[in-house]
Amino acid sequence: MLQPANRLTLIDSMRPPAGFRFESAMAVTYTLDLRALLAAPAALALAGRGTASEDDRDAYQPIELIHALRAHADRMTVFSQVGEIALAPSRRAFAFLERTVLPVSAPRGGIVHPKVWVIRYETAGDPADGQAVEQRLRVLIASRNLTFDASWDTMVRLDETNRSGGATLRPVGELFTTLLSRCAVDAPEDHLARVQSLATALQDALFALPAGVDDLEVHVLGLEPKPSPLPSDAERSLIISPFVSDNFFTSAHPFKIDELVSSPEWLDRLDEDSLAKVGKAHAFDDGSATDIDSESDKRSPFDPGRPLVGLHAKVFAFEDKGRARLYLGSANATGPAFGSNVEILVELTGSTDVLGIDRLCQGSDDEPGLRDLFYDYRRSCTDDGSSSEPSIDHWRQIIARLPLEGRVTESSEGWAVTYRTTEPMPKPNDATIHCWPLTVAGNRRQVVPGRSLEERFETSLENLSGFLAFELTHTDGELSRFVVPVPLTGVPEQRDRELLRSLIGNAERFFRYLMALLEEDAGESSVINTVERISGGDQKEGDGPISLPVLERLLRTMRREPSRLAELHPLVSDLAADDALPPGFAELWKMIHQVATTGGPTQ
C-alpha cells in the first residue's frame, strides 16, 4: 500500500544489516545535492547512531562523522547527469567527495535519469584470525534523486539471499558498466575496478522477492533501442507520473489508460488527442504547495537546486485476470523516458489482492490512502510555455560539458588553483556567467563569454576545491546555479591530513565530543544530537591540556563499561595516525585502552 504516512528514507535503507559493515558501493542519480551525498557515508558507517543534519556547518560536524566520510567516500562511485549537481552551501568537507562523483551523459542523446544504489556489505570477521568474511549485496531502485527534496517518491529495496527462487538483477550491472564508458572525464582506475567488481557480483547473485511478489524483472531503458516493457492491453490501468508528454501516448504507449495522475501544469500541455486516451485525469495535492523563498523562485524550473515538493513518484500499474503488474522506478510518462533517456523500471508481478490498484492507493480506517490526495483535473490553459530562444538550462548543460581542469600551485599567500577549459565558454543571450570555487563562495568572478576559461584563485590548503560553482543570470532575473567536478593536479600529499585537522578543530571540541560519546545515560541514537547541542557554544582557540573531567570519564568508563572504549578504539587509532588528536591524548588512550581490554598495561 502506498500510504502517505509510511515514510522510509534513503538513509534508513542504506544502513548495514546486523553484523555487517560497509565494503563498497556504486550509485547513479540524475540531480545531486552534495550535502545529501555527505550523509551517505555516515549512514553506511554509523548504523544505529543517527545521521547528521544537512544544516550543520562543517565547523561543528561531529568527529566520528568526519572520520566516516573520509574512510568511506573513497569506496564509493556516484554517477550524476552532467550539469545537474546543485549548488550547495560551502563545506570544506566536500573535498572528501571530489573523487567520488563522475558526471555522465546518455548514449542516445537524452539524460541519465535512474536513481539506483548497489551496496556491498561484509561481516566484521578477520581472515587473519581464520574467520570467514561473508559479503552481501543490497540494491535500491528509487524515483528519488540524491537530494533533500520533500517530495513523494517510491523505492524498492532488494537484499541478496542464499535461498532459491530469488530474482536476478544482471541488467543493473550492465547499466553501471555502460555508464563507465559515458563519463565526461576519464574514470580513475579505482572506479573502474569497483564498478566491474560489483557488476560481476550482480551476475550470479539472487535477491529475495518482496512480500506478496511472485516475480520480479528489471528493465533498463535507453542504452539501446528497445520496445516499451509496458503491456499493451489490460482490464484496468493507472499511471502516476509528475511529468507527461504527448509522445508517450503516440509512440511509447499508444493505448488507452483508465487513470492518469500528474501535475496540472504538465497535464495542461497535453493536446486533446492525448487526453482522449485517458479515462480519468487527476492532479495531486498533499497540502505542500510550493513554498520557497524569493531567491529560489527566481531559479529556472529545471535548476538542479530547486526544491521539489508534492508528487515525484513514477508508478505504472496494470490489472488483468486477477493478476497485477506494477512498474516502479525513474521513468516518467514521456516519450524521451522510453526512448532517448537512460531509465530503470522494476516490474513486480503478483495478485491484485497484494499489488492491485485499489490495494496500492486506498487507505484504511486508521490512515488515509494515496487516492485521498487525488483531485479531478480541469484544463486551465493550452500554452505549453515553449520558446524559440535557448533556455538558461540549455547554457547550463553546455558549460557543464566543457572539459575542465584545475592546477594547484604554491603561492605567496599559501596556495592557488587555476581552473581552465580547453574550449571557449558559450555566449548565452542576455545572460551573464560567474564562477567560484565551492569552498570560497565570496570569491566570485565574472566569466568572459567566447573565451577559454582561465581563472586563478588564491586559497588555503584546506580550502582547495575540486568543485567549481557557476551561476547563470538572465536579464529578466531568472538564474541557474550548479557545480561541476574538476580533476585537480598538483595537490600536495598533506592536504587530506590538514583538512581533517581543520574540520576536527581544537582540543576542546574534541574533548566535548568524547564526553558526549562516553555519556552514561545517552543512548546511541542520541549521540549525534548531543554533539550538535554542545558544539553550539563558543569555541576556544588552542590545544589545551587534557581536562580533569575528561580523564575522570575515561577512567570511569574503563572500570564500568570497557566495551565502549573498544568500540571507540578504531576511530581514535585512525585519528592518531593522521596526527589529528590533541597533544598527549594518543599516549593516554593507549594506556587506558590496554587496561580496559587486558586488565593491565603493556610491559
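Biologist: What is the handedness of the crossing of helix 4 and helix 5?

Modeller: In this predicted model, helix 4 and helix 5 make a left-handed crossing. By class, their contact has seven nonpolar, five polar and one charged residues.

Biologist: Which residues in helix 4 and helix 5 meet?

Modeller: From helix 4, look for Arg170, Val172, Gly173, Phe176, Thr177 and Leu180. Across from them, helix 5 brings His191, Leu192, Val195, Gln196, Ala199, Leu202 and Gln203. A handy thing to know when you look at such lists: an α-helix has 3.6 residues a turn, so residues three or four places apart point the same way.

Biologist: Okay, next one. Is helix 12 enclosed or open, and why?

Modeller: Count its buried residues, meaning those under 20% relative accessible area. Helix 12 (residues 392–400) has nine residues and seven of them are buried, so the rest of the structure largely encloses it. The buried ones are Ile392, Asp393, Trp395, Arg396, Gln397, Ile399 and Ala400.

Biologist: What covers the buried residues of helix 12?

Modeller: The cover includes strand 2 (76–81), strand 20 (431–437), strand 23 (467–474) and strand 24 (479–485). Across the chain, buried residues make up 51% of the 603 residues.

Biologist: How many disulfides does a search of the whole structure find?

Modeller: A disulfide is a covalent bond between the sulfur atoms of two cysteines. The search finds zero of them in the whole structure. As for individual cysteines, cysteine 183 counts as buried at 16% relative accessibility, and cysteine 361 is buried too, at 1%.

Biologist: One last thing: which value does phi take at lysine 321?

Modeller: Most residues other than glycine have a negative phi, and most peptide bonds are trans. Lysine 321 has a positive phi, near 55°. You'll find lysine 321 in the loop between strand 14 (315–320) and strand 15 (323–329), and it is exposed, with a relative accessible area of 71%. Aspartate 430 also has a positive phi near 55°; its place is the loop between strand 19 (414–424) and strand 20.

Note on methods:
Residues numbered from 1 in each chain as written. Predicted model: local features only at pLDDT ≥ 70, side-chain atom pairs only at ≥ 80, totals over all residues. Heavy atoms only, no water. Left-handed = near helix turned anticlockwise from the far one by under 90°. Helix = DSSP H or I, 4+ residues; strand = E, 2+ residues; numbered from the N terminus. Contact = heavy atoms within 4.5 Å. Nonpolar A, V, L, I, M, F, W, Y, C, P; charged D, E, K, R; others polar. Disulfide = S-S within 2.5 Å. Buried < 20%, exposed > 50% of the residue type's maximum accessible area, 1.4 Å probe, protein only.
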